[in-house]
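Hi,

Here is the structure we talked about. Please load it first, then read on for what turned up.

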Amino acid sequence: MKLLEDKIIKEGKVLDGGILKVDGFLNHRLDCALIGELGADIAREFESAGATLIMTVESSGISIAYAAGEKLRLPVLVAKKHRSLNISDGVYTAPVFSFTHKVENTVVVSREYLTAGEKVLVVDDFLASGNAALGLLSLIEQAGATCVGFVAAIEKSEQGGRKLIEEKGVKVYSLARIKELRAGDIKFD
Ligand code: 5GP
């Protein structure tokens, strides 16, 4: 999506370790007009996928998932991130190693809100190594629900996450696909 690519070129900052900082428009200060456009694009792509639920993980996926949910008229389920395994009954859990923070978290959703038969569209801000995506897919599998697609606003294709998701038979859709991430030189697919 040209709008997002232009914004990344103009305002994104490349940090050490292959991290792209998008704090100015996507996950600290939010550019609501841009995020609204991301939601509209996601809705166009998945309008006939039959999704019944959008799922994301706190916190930086929430705004994009909300924008898509608003357009598709679907509820958004936000998986919680916990540092410990001290978690109550009535939930599904999966471990997720955080690429940006280098810690293992547990992602958690209530069994009340993720139920068998649900058709889930997963939406997140970034796709890098695919760990977060696999954690969310595990929650969906545990519930006996199905995943109709995985959306990332920004995909860093060098890190290979797409393959892991596609191997599970899930369609991957990203709005900006970065093939090379170097300070002053960001290249898109
Ligand atoms: P993965 O699990 O695919 O390696 O990484 C996905 C998660 O890590 C995303 O939910 C996102 O929060 C975070 N992440 C991965 N790469 C980046 C990055 O370059 N910049 C930012 N801001 N977050 C990232």
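Six helices and 10 strands make up the secondary structure of the protein chain. Keep in mind that this is a predicted model.

Overall dimensions first. The C-alpha atoms fill a box of roughly 50 × 35 × 30 Å along the principal axes. The radius of gyration of the protein chain is 16 Å, which agrees with the value near 16 Å for a compact globule, because the chain has 189 residues.

Where does the ligand sit? In the largest pocket. The elements that each give two or more residues to its shell are strand S2 (19-21), strand S7 (119-127) and helix H5 (131-143). S7 provides the largest share, four residues.

In total, 17 residues surround the ligand. The closest are Leu20, Ser129, Gly130, Ala132 and Lys156. By class, the shell splits into seven nonpolar, seven polar and three charged residues.

- Gly130: a polar backbone atom is 2.7 Å from an oxygen atom of the ligand.
- Asn131: a backbone N or O atom lies 3.1 Å from a ligand oxygen.
- Ala132: a backbone N or O atom lies 2.8 Å from a ligand oxygen.

How much of the ligand does the protein bury? Taken alone, the ligand exposes 500 Å², and the protein buries 90% of that.

Best wishes

Conventions:
Residues are numbered from 1 along each chain as its sequence is written. This is a predicted model: local features need pLDDT of at least 70, side-chain atom pairs count only at pLDDT 80 or more; totals for chains, interfaces and linings use all residues. Side-chain values use heavy atoms; hydrogens and water are left out. A residue is near a molecule or strand if one of its heavy atoms lies within 4 Å of it. A polar contact is a pair of N or O atoms within 3.5 Å; within protein, one must be able to donate a hydrogen and the other to accept it, and residues adjacent in sequence count only if both atoms are side-chain atoms. Accessible areas come from the Shrake-Rupley method with a 1.4 Å probe; for residues, only the protein chains shown count as cover. On a 1 Å grid over the protein atoms alone, a cavity is a set of points where a 1.4 Å probe fits but cannot get out, and a pocket is an open set with protein on both sides within 12 Å along at least five of seven lines; lining residues have an atom within 4 Å of a point. A molecule sits in a cavity or pocket if more than half of its atoms lie within 2 Å of its grid points. Ala, Val, Leu, Ile, Met, Phe, Trp, Tyr, Cys and Pro count as nonpolar, Asp, Glu, Lys and Arg as charged, and the others, Gly among them, as polar. The radius of gyration is taken over C-alpha atoms; the globule rule is 2.2 Å times the number of residues to the power 0.38.
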